[in-house]
Amino acid sequence: MKIAVAKGDGIGPEIMDAVLSIFDAAKVPLEYDFVDMGKWVFDKGYNNGMTDEAKNTIETTGILFKGPMETPKGKGVKSINVTARKTWNTYANKRVFQTLHGVDTVFSKAGIPIDLTIVRENIEDTYGGIEHMLTHDVALSRRFITRPGSMQVIRYAFEMAKKKQARRITCGHKANIMKITDGLFLECFYEVAKEYPELKADDVIVDDLCMKLVTRPDTFDVVVLTNLQGDIVSDLCAGLVGGLGFAPSANIGDHICIFEAVHGTAPDIAGRNIANPTALLLSGLSMLQHLGLLESAGMIENALLYTLEQGVHTGDFGDKSIPSANTTEFANAIINNFGKKPSLSPKPELEDVPSTCTVFNLDKNPMLESIEEGNETIAGVDMFIESNLQPNEIAEKCLRHAGVKFKLVNISNRGTQVWPTGSKFTNLVNQYNARFESIDNYPLNQQDVIGLYVSLSGDFKISSLELLHQWGEKKGYSLAQGQ
Ligand code: NAI
């Protein structure tokens with residue numbers, strides 16, 4: 001099997017060489033195609049940080065094993081790490097956090113074992129980076145949560161949980177507040193859960209989840225979250241097991257997967273051969289498991305755990321009374337411990353299974369297909385208008401423009417209703433949402449909305465608008481606080 005390898009920047013080459021030396025000593029049946037990616041490729045004038053040849057190699061092999069990469073500052077270029085994840089639709093980010101003996105944490109000292117897998121949606125949410133200034137004082141970020149995108153990552157999480165015989169799979173969310181976006185994610189979670197009756201599926205609100213993770217991390221097994229919440233919760237979990245030096249990450253797509261450590265290029269220690277290669281090694285082991293190379297993965301992981309248990313450590317962790325090993329010595333210690341098993345929780349060295357990784361071109365994207373639910377109608381429109389008038393004055397003008405098809409239902413400011421009822425204590429900014437709905441459920445079309453837009457634009461600057469969709473009785477929009 002051939003895989004693409006990018007050594008990366010900073011400590012990247014040092015830790016990648018250490019990990020590949022362990023793979024070579026273990027006779028892992030992989031061939032490496034080294035590709036040009038990273039800051040030095042940006043510096044050569046490639047705007048996305050990789051050469052065309054690198055892109056072709058990754059798209060042919062379907063697997064990229066990468067070291068950390070630096071994004072040049074202040075040149076307006078996007079992070080190569082984020083670009084790679086998005087370009088190749090690696091929709092699930094899997095991070096495994098487990099107690100490593102020899103790595104002291106509050107929980108290891110208290111004898112509380114941790115074995116947690118966080119699956120984070122990797123493409124959507126606010127990470128689309130679609131942001132606008134609506135007025136000089138008001139910024140808006142669009143948060144996309146889609147049904148096919150959510151189904152894809154949740155299905156992956158359930159399938160993975162089933163394979164690892166998980167005790168529990170939990171959806172972390174904030175659907176009590178973001179009823180439409182997180183509500184959709186949660187709905188997808190329970191839809192997929194029906195297909196896996198053998199798994200205990202439940203959900204926890206994300207703030208409560210954070211509290212429970214730091215008090216009882218051993219009660220969780222697999223947790224699936226949207227992108228931003230998953231980003232935050234996974235770093236929290238890294239802290240539970242000893243920090244970023246022990247946090248591996250797998251970016252999983254249907255065709256291309258990227259395996260990397262969570263940490264960055266550590267410029268402060270680069271070039272000194274003192275970096276800790278554990279997170280990259282754990283990412284590599286996750287890659288071997290993904291490729292079906294279970295025997296090598298189990299054997300190397302046992303040697304790593306045994307080495308840690310013996311107190312061997314790099315300078316960033318471990319018992320300071322034992323001299324630290326450098327990167328190469330740490331890798332050699334693992335190699336010398338091949339065949340040994342840790343006294344606590346040794347990993348199974350299972351037989352290899354045929355790899356199911358396939359790379360092919362998509363002629364048609366199945367995610368574009370939608371099963372529309374019921375009869376879709378336009379029930380009204382939210383007009384986002386810029387004004388420094390008081391709510392009553394705005395309402396007066398809006399009522400004049402409503403015409404025969406629309407009624408003004410309410411006006412809100414930062415999501416709080418300020419007309420027809422409200423409180424004089426609500427603070428206002430110069431951005432209102434005037435909600436118009438159709439009179440007597442009269443069916444509206446886009447031309448009606450444009451007519452209202454043109455009329456209103458005589459009095460106001462309209463920064464954006466959103467159609468209010470309805471499917472049968474089901475509303476596709478949230479209500480303002482107080483509505
Ligand atoms: P960082 O993770 O590189 O470093 C934070 C601290 O942790 C430093 O003190 C560093 O010495 C230490 N550290 C990190 N990895 C270590 C290891 N394996 N062994 C021992 N100590 C380690 O984060 P920072 O400084 O914010 O970012 C540096 C660069 O890395 C930036 O250019 C950033 O864009 C990039 N980066 C790349 C990532 C990737 O390729 N996936 C992820 C995060 C940052």
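Let us begin with the contact between two helices, α1 and α12, in this predicted model. On the α1 side, the residues involved are Glu14, Ile15, Ala18, Ser21, Ile22 and Ala25, and they meet Thr327, Ala331, Ile334 and Ile335 of α12. Sorted by class, this contact has 7 nonpolar, 2 polar and 1 charged residues.

How do the two helices lie relative to each other, roughly parallel or roughly antiparallel? Helix α1 covers residues 12-25 and helix α12 covers residues 327-336; their axes come within 9 Å and cross at roughly 20°. Angles under 35 degrees count as roughly parallel, and α1 and α12 are therefore roughly parallel to each other. The crossing of this pair, α1 and α12, is right-handed.

I turn now to the backbone. Two residues with positive phi deserve mention here.

The loop between α1 and β2 (31-34) contains Lys27. Phi of Lys27 is near 55°, a positive value in a residue that is not glycine. Is Lys27 buried or exposed? Lys27 is exposed, and its relative accessible area is 70%.

Asp125, likewise not a glycine, has a positive phi of about 70°. Asp125 belongs to the loop between β5 (115-121) and β6 (131-135). With a relative accessible area of 2%, Asp125 is buried.

Finally, which residues does a cis peptide bond join? The bond links Trp419 and Pro420, with omega at about 10°. Pro420 sits in the loop between β15 (416-419) and β16 (431-438).

Notes
Residues numbered from 1 in each chain as written. Predicted model: local features only at pLDDT ≥ 70, side-chain atom pairs only at ≥ 80, totals over all residues. Heavy atoms only, no water. Axes fitted to C-alpha atoms, helices over the stretch in contact; angles between N-to-C directions. Helix = DSSP H or I, 4+ residues; strand = E, 2+ residues; numbered from the N terminus. Parallel < 35°, antiparallel > 145°, perpendicular 65-115°, else oblique. Left-handed = near helix turned anticlockwise from the far one by under 90°. Contact = heavy atoms within 4.5 Å. Nonpolar A, V, L, I, M, F, W, Y, C, P; charged D, E, K, R; others polar. Buried < 20%, exposed > 50% of the residue type's maximum accessible area, 1.4 Å probe, protein only.
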